[in-house]
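Thanks for making the time this morning. I would like to take you through one model, slowly, and then leave it on the screen for discussion.

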Amino acid sequence: NKDLFVLTYGALVAQLCKDYEKDEDVNKYLDKMGYGIGTRLVEDFLARSCVGRCHSYAEITDIIAQVNAFSALSIWL
C-alpha cells in the first residue's frame, strides 16, 4: 500500500534527521541506502529472469525497464 510506504519512509527520514545534525549527512545516508536497495532489486531481477548476457549499460537498462516496469508500477500504485 502506498500510504504505508509514505508513512514508513517519512518516519525513517524523521529519525535520520534526529540522528544526524547536518542535512548533508542525512542525504548521504539516504543515497547509500537507495543504492543498496537498487542493487539488490537489480540482482534479484537478473537472478530470477531468463535474460541473457548484456553487452552495454543501455541494453541492461532497456531490458530492466521493459520487463520490470509493470511489476514496479503495481508495487507503487
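Residues are numbered from 1 along each chain as its sequence is written, and side-chain values use heavy atoms, with hydrogens and water left out.

The chain has three helices and zero strands, where helices (H or I, at least four residues) and strands (E, at least two) are DSSP runs numbered from the N terminus. The mean pLDDT, the predictor's confidence in each residue from 0 to 100, is 82 for the chain, and 86% of the residues reach 70 or more. Confidence is highest in helix 1, at 90, and lowest in helix 3 (residues 57-76), at a mean of 70. Where pLDDT is low, the predicted coordinates should not be read in detail.

Of the 77 residues in the chain, 6% are buried, with buried meaning under 20% relative accessible area, exposed over 50%, and partly exposed in between (1.4 Å probe, protein chains only). The accessible surface of the chain, from the Shrake-Rupley method with a 1.4 Å probe and, for residues, only the protein chains shown as cover, comes to about 6,800 Å², and 60% of that belongs to carbon and sulfur atoms.

How many aromatic pairs does the structure hold? There are two, where rings of Phe, Tyr and Trp (its six-membered ring) pair if their centres lie within 6.5 Å, and planes under 30 degrees apart count as stacked, over 60 as edge-to-face and the rest as tilted. The pair of Phe5 and Tyr9 is stacked, because the ring centres are 6.1 Å apart and the planes are at 15 degrees. Both residues, Phe5 and Tyr9, lie in helix 1, four residues apart, which is about one turn of the helix. The other pair, Tyr20 and Tyr29, is tilted, with 6.0 Å centre to centre and 35 degrees between the planes.

As for accessibility, Phe5 is partly exposed at 42%, and Tyr9 is partly exposed at 40%. Tyr20 also counts as partly exposed, at 31% relative accessibility, and Tyr29 does at 36%.

Finally, helix 2 (residues 23-48) has 26 residues and should span 38 Å, the expected span being 1.5 Å times one less than the number of residues. The end C-alpha atoms of helix 2 are 37 Å apart, which agrees. The buried residues of helix 2 are Val26, Leu30 and Phe45.

Technical notes: Predicted model: local features only at pLDDT ≥ 70, side-chain atom pairs only at ≥ 80, totals over all residues.
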